[in-house]
Amino acid sequence: EVLQRLKRLGVSARGGLTNAHEEPAYTEAAKGQWRALELPVSEHLRRNVIMLPIFPGITDAESQQLTRALAALTPG
């Protein structure tokens, strides 16, 4: 829901982290060499973190747009 709201406000954000232990190369292709890992903190972060467009080349206008969009998400 938050990602959709940010998109409507003109901000290109994406969902969380990529966990290597959940990638096919480690879960399928290893053919039993890798045990199935459970890393609850990493898995929680993958489901709940949003990656915002923050980078060294961000312009003042982009930064202001991001700030306005984030403010619009907060109640009150």
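## Helices and strands

Helices are DSSP runs of H or I with at least four residues, and strands are runs of E with at least two, numbered from the N terminus. In this predicted model, Val 2 belongs to helix 1, which covers residues 2-8.

The chain holds four helices and two strands. Read from the N terminus, the order is α-β-α-α-β-α.

## The chain as a whole

The chain has 76 residues, and 12% of them are buried.

## A nonpolar surface patch

Val 2 has 36% relative accessibility. That value lies between the 20% and 50% cut-offs, so Val 2 counts as partly exposed.

Val 2 is also part of a nonpolar patch on the surface.

## Asn 19, a buried loop residue

Asn 19 sits in the loop between strand 1 (14-15) and helix 2 (24-27). Its relative accessibility is 7%. Buried means under 20%, so Asn 19 counts as buried.

Which residues does Asn 19 contact, leaving aside its neighbours within four places in sequence? They are Ser 42, Glu 43 and Arg 46. With Ser 42, the side chain of Asn 19 reaches the backbone oxygen at 3.1 Å.

Conventions:
Residues numbered from 1 in each chain as written. Predicted model: local features only at pLDDT ≥ 70, side-chain atom pairs only at ≥ 80, totals over all residues. Heavy atoms only, no water. Patch = residues over 30% accessible without salt bridge, like charges linked within 9 Å, V, L, I, M, F, W, Y side chains within 5 Å. Areas by Shrake-Rupley, 256 points an atom, 1.4 Å probe, with all protein chains shown as cover. Salt bridge = Lys/Arg side-chain N within 4 Å of Asp/Glu carboxyl O. Buried < 20%, exposed > 50% of the residue type's maximum accessible area, 1.4 Å probe, protein only. Polar contact = N/O pair within 3.5 Å; in protein donor to acceptor, adjacent residues only side chain to side chain. Contact = heavy atoms within 4.5 Å.
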